[in-house]
Every structure is written in structure tokens, then in C-alpha cells.
Amino acid sequence: MKRIVFTIILCVVSAFSFAQSQDFLPEGLLSKNANGVTVDKLGNLYVTNFGEDGNIGFVTMKGKYSVYAALPEGAAGNGIHITKKGDLFVADTVGHNIYLINKKKEVSLFAHDPDMTQLSDLVVSSKGYIYVTDPDWEKGTGKLWLVSPEGRVSLLEEDMGTVNGIDLSHDGKKLYVNESLQGKIWVYDVNHDGTLSNKRLFTTFRTPGLDGMTCDKYGNIYVARYGHGTVAIVTSGGAILKELRLKGKYPTDVTMNHASELCFIPLIDRGCFEYIDINTLF
């Protein structure tokens, strides 16, 4: 019932109002290459390139922050995802690697493939399958990779647009992938063995600039609009309902604390997080 009411209200106000985000951290804490963010079951945030490139930042819900771990020298973290067990997976955008950081903060190489181009975002299913986007920004193309729970890498799809943001639906049955320069979001059905099927176009934006995204428990998708200074809300039916105004212009990702329904967004032009309380929007 709440999902239906939520969608109806969004339709009414989407064209007329913008949410005002709030600062969560002081400016300048994040590197200009800060990108991925993920949240654990306690509400703690983990972000790539915290302070310096290669650092993984840890931020509590009370705003206390520290360096959680550091990737090997030369690695550049991009997408990041934490599992229910507390394991962190990080996409290395330059080394064609995926790193695993366990609960002891030990960093190890989990997967590698020399045919990867420039890994961007990733998401991990409840069964341990990892889906990774791999854009080639110069060519305007991209690939989608699958990494098995054992670390085996396989190519799911190539000759896509500049793939960037990725997330699974709350029930894990659908995978959403966006193409940043093309302004498109695609959706797939997730099979039992981790493979994908039934690809179809989910929605198209009039302008490019799609970055990280996250799904809420009602089926809505929140998309960071890089260069636009907004987070767009898309319903489960693919309707673009609203763009929430941010203070900064360059959001790179968005994650949600599902318990509190707070969205957290890293912005590289401000070097900090902003947050939006979804409960107060409508």
C-alpha cells in the first residue's frame, strides 16, 4: 500500500518541487576521484578514494570517519559493495582487478581479467555472483562482466553503451544497468546460475550523465546525475518522476540505508557526502 501511495504522490509533485539535500561530512574529505559508496546493515558507509586515492573510507551514522583499509599501491577503487557477511568487494578501475576486503580488513585479489577495460561499478547478489560494468569512455562502448563466487570471470555482454551504474532489485530477481552517455537504463532477469536473460529497455533520459544508482524496497531506482547536480527517481515501471536537487554538481553514486530511508551521495566537486531523507520529501 505504501508503494502505491508513494508513487501517486511522486507523480503529483515531480514537476514542481525539489528536495534540499543536507551535508553529512565536511567538504574536502573525499578525493576528487571518490566514486563508489555502500552501506552495511548497521548503517555505516564505505567509500572509495577517501582522502587519498586507494583508501577505503569508513563513516558511521554519527558522522565519525576514518580510513578502513587501503588497496595495493597503484590501484584505483571505483565501485564498492558490502555483503551481508561484511565482506567488501572493490572494482579497481586501472588494474582490471576486483579486490576483496574481509572483516579483518585484509585485502586480497579476488578476480582479474586482462580483457577488462576500465571497471566502474559493481553489485554482489545474495548467492555471491558479482556483476561489473566496464565502460570504454573514448569509444563510447562498454562490457558487462560476471564473476562467480569462486572468482571465475566471464563476459556477459559487449558492444553496449558506456555502462556505468548497476544494481539489483531488492528481491535480487532483476539487474539494472545504465549507459551514462546514452542516457539509458536496461533491465535483465537474473537466472539461478547468475546468468542474465530477457534484456529490455527500462527507461531513457533526454540528456546524458548517468552514474551510480540504487534500488529501494518499493521498486524505485535512484540515479546519480553526474554534471546535473541531481538524483533522479525512477519508478518500477520506468517512469522518471523527479530529480532531487543537490548542493554539488557532480554526484558519482548513491546508496540507501533501507531502515531509515536515507540516501547518501558522494560529490567529487565538494569532496563530501550529502544526504536526502526520503521520508520528508512528500
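## Strands 3 and 4, and the sheet around them

Strand 3 (residues 45-48) and strand 4 (residues 55-59) run antiparallel to each other and are joined by four bridges. A quick word on terms: strands (E, at least two residues) and helices (H or I, at least four) are DSSP runs, numbered from the N terminus, and two strands pair if DSSP finds at least two bridges between them. Where does leucine 45 find its bridge partner? The partner is valine 59, over in strand 4.

Everything here comes from a predicted model, where local features need pLDDT of at least 70, side-chain atom pairs count only at pLDDT 80 or more, and totals for chains, interfaces and linings use all residues. Residues are numbered from 1 along each chain as its sequence is written, and side-chain values use heavy atoms, with hydrogens and water left out.

Zoom in on strand 16 (residues 184-190), which is joined to strand 17 by six bridges, the two running antiparallel. Valine 187 stands opposite arginine 200 in strand 17.

## Two residues with a positive phi

Strand 17 also holds asparagine 198. Asparagine 198 isn't a glycine, yet it has a positive phi of about 55°. Is it buried or exposed? With a relative accessible area of 47%, asparagine 198 is partly exposed; buried means under 20%, exposed over 50%, and partly exposed in between (1.4 Å probe, protein chains only).

Aspartate 159 also has a positive phi, of about 60°, although it is not a glycine. You'll find aspartate 159 in strand 13 (residues 153-160). Aspartate 159 counts as exposed, because its relative accessibility is 70%.

Alanine 111 sits in strand 9 (residues 107-112) and counts as buried, at 5% relative accessibility. Which residues does alanine 111 touch, leaving aside neighbours within four places in sequence? They are His96, Asn97, Ile98, Val147, Gly151 and Val153, where contact means heavy atoms within 4.5 Å. Glutamate 179 is 68 residues from alanine 111 along the chain, and the C-alpha atoms of the two are separated by 24 Å.

Serine 125 lies in the loop between strand 10 (122-124) and strand 11 (130-136). Although in a loop, serine 125 is buried, with 15% relative accessibility. Neighbours within four places in sequence aside, serine 125 is in contact with Tyr131 and Leu168.

## Salt bridges

Side chains of opposite charge can pair when their charged atoms come close. The rule used here is a side-chain nitrogen of Lys or Arg within 4 Å of a carboxyl oxygen of Asp or Glu. How many salt bridges does the rule give? The count comes to eight. One of them joins arginine 152 and glutamate 150, at 3.4 Å from N to O, and both of these residues are exposed.

Another salt bridge links arginine 225 with glutamate 243, and their closest N and O atoms are 3.5 Å apart. This pair ties together distant parts of the chain, 18 residues apart: arginine 225 is in strand 19 (residues 221-225) and glutamate 243 in strand 21 (residues 240-245). Arginine 225 is buried, at 2% relative accessible area, whereas glutamate 243 is partly exposed at 21%. Then there's glutamate 274 with arginine 270, whose closest N and O atoms are 2.9 Å apart. Glutamate 274 is buried at 0% relative accessibility, and arginine 270 is buried at 12%. Both belong to a network of salt bridges that links Asp23, Glu27, Lys247, Arg270 and Glu274.
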